[in-house]
Amino acid sequence: MSEEISWADFEKVMLVAGTIVRAEAFPEARRPAYKIWADFGEHGERKTSAQVAAIYAAEELVGKQIVGVINFPEKQIGPFRSQFLLTGFHTDEGVVITTTERAVPNGARLA
């Protein structure tokens, strides 16, 4: 198990809902991945690279409401600049994206 964190530590993590507005192949990635753009409401549109191609086709991602971490520093991934972390769960088949059970406003923070 990881080291315990305080509630104050958890509050620093900006886990928010967003809707994927665009997804395309990322052929320069070392492992199969997509470039993904998501609308995070008041936090704006942000982009990331995600290794979710084993389970999802790019076209089925568009319109999906996801959960992202938006307050990590930007990260350079090859020629692409990632601005958020798309959350998900590793499985034997690949990464399953974290989604909302019902629609919530883009930018809503995980409670």
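In this predicted model, arginine 81 and glutamate 74 are joined through their side chains by a salt bridge, with an N to O distance of 3.1 Å. Arginine 81 has a relative accessibility of 34% and so counts as partly exposed. Glutamate 74, at 41%, is likewise classed as partly exposed. Side chains of opposite charge can pair when their charged atoms come close.

The structure holds four salt bridges. Another of them links lysine 12 to aspartate 9, with 3.9 Å from N to O. That distance still qualifies, because the cut-off is 4 Å. Here the accessibilities fall into separate classes. Lysine 12 is exposed, because its relative accessibility is 57% and the exposed class begins over 50%. Aspartate 9, at 33%, is partly exposed. A further salt bridge connects arginine 102 with glutamate 101, whose closest N and O atoms lie 3.3 Å apart. Arginine 102 and glutamate 101 are both exposed.

The largest pocket has a volume of about 610 Å³. Its lining comprises 25 residues, and those closest to the pocket centre are Ser49, Ala50, Gln51, Lys75 and Ile77. Three strands each supply at least two lining residues: E3 (45–50), E5 (75–77) and E7 (85–86). Strand E3 provides the largest share, three residues. By residue class, the lining of the largest pocket divides into 12 nonpolar, eight polar and five charged residues.

Conventions:
Residues are numbered from 1 along each chain as its sequence is written. This is a predicted model: local features need pLDDT of at least 70, side-chain atom pairs count only at pLDDT 80 or more; totals for chains, interfaces and linings use all residues. Side-chain values use heavy atoms; hydrogens and water are left out. On a 1 Å grid over the protein atoms alone, a cavity is a set of points where a 1.4 Å probe fits but cannot get out, and a pocket is an open set with protein on both sides within 12 Å along at least five of seven lines; lining residues have an atom within 4 Å of a point. Grid points are joined across faces, edges and corners, and a volume is the space filled by probe spheres set on the points. Helices (H or I, at least four residues) and strands (E, at least two) are DSSP runs, numbered from the N terminus. Ala, Val, Leu, Ile, Met, Phe, Trp, Tyr, Cys and Pro count as nonpolar, Asp, Glu, Lys and Arg as charged, and the others, Gly among them, as polar. Buried means under 20% relative accessible area, exposed over 50%, partly exposed in between (1.4 Å probe, protein chains only).
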